[in-house]
Amino acid sequence: MKRTFLAAMVLVGMLAGCTNSNKQTTNNDMEQKLELTQEWDKVFPLSEKVNHKKVTFRTQYGLTLAADLYTPKDSKGKMAAIAVSGPFGAVKEQCSGLYAMKMAERGFVALAFDPSYTGESSGEPRRTASPDINTEDFMAAVDFLSKQDYVDAEKVGIIGICGWGGIALNAAATDTRIKATVASTMYDMTRVSGNDYNDAFDNEQWRHRNRENLSKQRLADPNAMAGGVLDTVPPQAPNFVHDYFDYYKTPRGYHKRSGNSNDGWRVIGTQAYANSRFLYYINEIRSAVLVMHGADAHSRYFGEAAYHYMVDGKADGYKFVGEPNPNPENKQLLIIPDASHCDLYDGGYEEKAGQGQPKNMIPWDKLAEFFKTYLK
């Protein structure tokens with residue numbers, strides 16, 4: 001049996017050698033040329049303290065991602081760097097860009113990127129998600145930052161917002177180059193996709209019906225769209241629905257390339273998330289992690305459970321039990337009093353549509369202090 005296996009491996013190697021004898025395709029050959037918008041089209045003004053330029057980089061899945069690179073105007077020498085993405089279904093012109101710019105104001109190189117199949121990044125069909133591809137998006141961003149002459153490759157961190165908070169934790173559990181991670185107002189997309197909100201449908205019967213519906217949708221219309229924020233919200237709708245509307249559907253956060261602001265995701269675009277659990281090993285993250293959530297956020301349970309599982313190896317909502325974290329001392333849970341889910345997108349406003357006074361709920365200096373402590 002062993003000889004048969006070895007012979008098969010030799011044959012595979014010979015075939016690979018035959019293939020490699022032809023002209024190899026380089027990374028540059030495979031990188032797609034994206035048409036990037038050059039004018040400033042963010043939902044926030046450009047800070048006078050930073051430089052900005054648009055860049056692209058390639059993932060190991062052969063996709064080319066579009067990003068905004070922010071650097072301090074007074075930068076000197078090699079700097080610490082941070083990659084930012086989220087929320088799930090948003091684009092870099094929204095809050096991930098704001099987070100990146102605010103970190104650049106505080107001395108970091110910061111990269112806000114559009115995930116695969118989203119915004120200005122490549123990938124067809126549009127608005128498709130995958131736990132492994134999205135985790136790779138973060139790691140490819142770390143690749144890009146680490147290769148820049150002005151970045152210290154030993155000082156790279158990441159920020160994930162909303163659904164990308166969970167993806168950031170998954171990336172930190174995978175990639176030891178990530179030295180510090182912030183998960184802000186996080187969702188565990190695998191948990192909500194499989195169990196619905198607050199685990200209301202955490203049972204085999206509901207999941208089976210959901211799988212049946214998604215399986216039928218693949219043949220009926222695989223490119224059908226659904227899941228954007230409602231265009232109008234009835235007064236009796238839950239507060240979090242109003243919270244989303246006030247960000248994504250008003251001048252406060254609307255963007256024409258954002259799925260959340262428009263027609264959402266493909267119906268089957270997140271099918272893989274519903275059958276996955278990708279935070280299984282976060283209790284083994286040795287690097288620093290800050291989980292930040294609003295006290296009044298409907299999603300708070302995601303962040304608190306992820307934090308406790310990461311530190312203790314067990315938490316409410318986690319059916320699996322692991323060992324306690326080997327480095328609990330560099331893990332932090334920060335609850336922002338009176339903050340809703342979307343208050344941590346842009347700081348929040350007294351009048352939810354962004355027309356009133358800003359509430360400034362995001363502790364930018366606290367985030368900068370965390371990264372300066374652990375990216376050193």
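How much space lies in the largest pocket? About 940 Å³ of space lies there. A pocket here is found on a 1 Å grid over the protein atoms alone, as an open set of points where a 1.4 Å probe fits, with protein on both sides within 12 Å along at least five of seven lines, and lining residues have an atom within 4 Å of a point. Grid points are joined across faces, edges and corners, and the volume is the space filled by probe spheres set on the points.

Before selecting anything, note that this is a predicted model, in which local features need pLDDT of at least 70 and side-chain atom pairs count only at pLDDT 80 or more, while totals for chains, interfaces and linings use all residues. Residues are numbered from 1 along each chain as its sequence is written, and side-chain values use heavy atoms, with hydrogens and water left out.

**The largest pocket**

Select Met-189, Tyr-197, Gly-227, Trp-265 and Thr-270, which are the closest to the centre of the largest pocket among the 28 residues that line it. Next colour α6 (189-195), α7 (204-220), α8 (239-248) and β8 (265-266), the elements that each give two or more residues to this lining; α8 gives the most, with four residues. Helices (H or I, at least four residues) and strands (E, at least two) are DSSP runs, numbered from the N terminus. By class, the lining of the largest pocket has 19 nonpolar, seven polar and two charged residues, where Ala, Val, Leu, Ile, Met, Phe, Trp, Tyr, Cys and Pro count as nonpolar, Asp, Glu, Lys and Arg as charged, and the others, Gly among them, as polar.

**The second largest pocket**

Now select Phe-44, Leu-98, Lys-102, Asp-346 and Tyr-349, the closest to the centre of the second largest pocket, in which about 340 Å³ of space lies. Helix α3 (residues 95-105) gives the most to its lining, with four residues.

**Strand β2 and its partners**

Finally, select strand β2 (residues 64-72), where nine of nine residues are buried, buried meaning under 20% relative accessible area with a 1.4 Å probe and protein chains only. Strand β1 (residues 50-58) runs antiparallel to β2 and is joined to it by nine bridges, and two strands pair if DSSP finds at least two bridges between them. Arg-58 stands opposite Thr-64 in β2, and in the turn of the hairpin that β1 and β2 form, Gly-62 has a positive phi of about 80°. Four bridges join β2 to the antiparallel strand β4 (residues 109-113), where Ala-112 is the bridge partner of Asp-68.

Conventions:
Buried means under 20% relative accessible area, exposed over 50%, partly exposed in between (1.4 Å probe, protein chains only).
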